[in-house]
Amino acid sequence: IAASTCIHTPCAVATFAIPNPLRALAPGLFGLVCENRVCVDDARRLAEAQELLQRARADVTRKLGAPHALPLALFCSSEECFRTFGKRRSTAETFGGKTILIGPRGWAAHFVRHELIHVAQYEKLGFIRAWRGPRWINEGMAYSLSEDPRRPLPAPLEAWRAQYERRLGGERDAALWAKVEALYSTDEARIEWKR
């Protein structure tokens, strides 16, 4: 069903019954314009979103290796769009390593890199380990390697970034993933699991 058709029919009501992250599977139903796995709510900003994503991918690839699959990237210029797909308090989100969602405050390189780092974690570590792993590894890595300029970050984010940088900060690509794998096999990693 085309998005324009759905807006004026009963399917518009039905689509909003879909939980927020699952809506990312069919962004066209919610008014987004998509091209080459990049979707925007404002078609005038499609080229900007594509360039931002391309540069972020190149940066993350240099640090963590090339991904096997590229995520679908949803860029929202409005809060309404962002709330359609995501949480209210975040700036950007990753859904299972398959989709990233960038909110109106997230159109900056470090936010896009942060979410692509989470995508890499899902790919390299697997869904459960990336989602439930120690916060200092998954969030610390994302804040550090994304080169987030905010210093200090709010607590506990800054502590996670500092712990990551102390323990793994100099590592990149295969050497980094090998050390993360070793940490995941220790009792310490099991104790620090979140959620």
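Guide: Welcome! This is a predicted model, so local features need pLDDT of at least 70 and side-chain atom pairs pLDDT 80 or more, while totals for chains, interfaces and linings use all residues. Residues are numbered from 1 along each chain as its sequence is written, and side-chain values use heavy atoms, without hydrogens and water.

Visitor: Which element gives the largest share of the lining of the largest pocket?

Guide: A pocket is an open set of points on a 1 Å grid, with protein on both sides within 12 Å along at least five of seven lines, and lining residues have an atom within 4 Å of a point. The lining here has 36 residues, and K87, S90, A92, E93 and E139 are the closest to the centre. Helices are DSSP runs of H or I with at least four residues, numbered from the N terminus. With seven residues, the largest share comes from α6.

Visitor: How many cavities of 30 Å³ or more does a search of the whole structure find?

Guide: In a cavity, a 1.4 Å probe fits but cannot get out. Residues lining the largest cavity include R57, V60 and L116, and both α4 and α6 give two or more residues to that lining. The search finds one.

Visitor: Which residues have the most contacts inside the largest nonpolar core?

Guide: Such a core joins buried Ala, Val, Leu, Ile, Met, Phe, Trp, Tyr and Cys residues through side-chain atoms within 4.5 Å; buried means under 20% relative accessible area with a 1.4 Å probe, protein chains only. Of the 39 residues in this core, those with the most contacts inside it are L64, F75, V112 and M141.

How values were computed
Buried < 20%, exposed > 50% of the residue type's maximum accessible area, 1.4 Å probe, protein only. Points joined across faces, edges and corners; volume = space filled by probe spheres on them.
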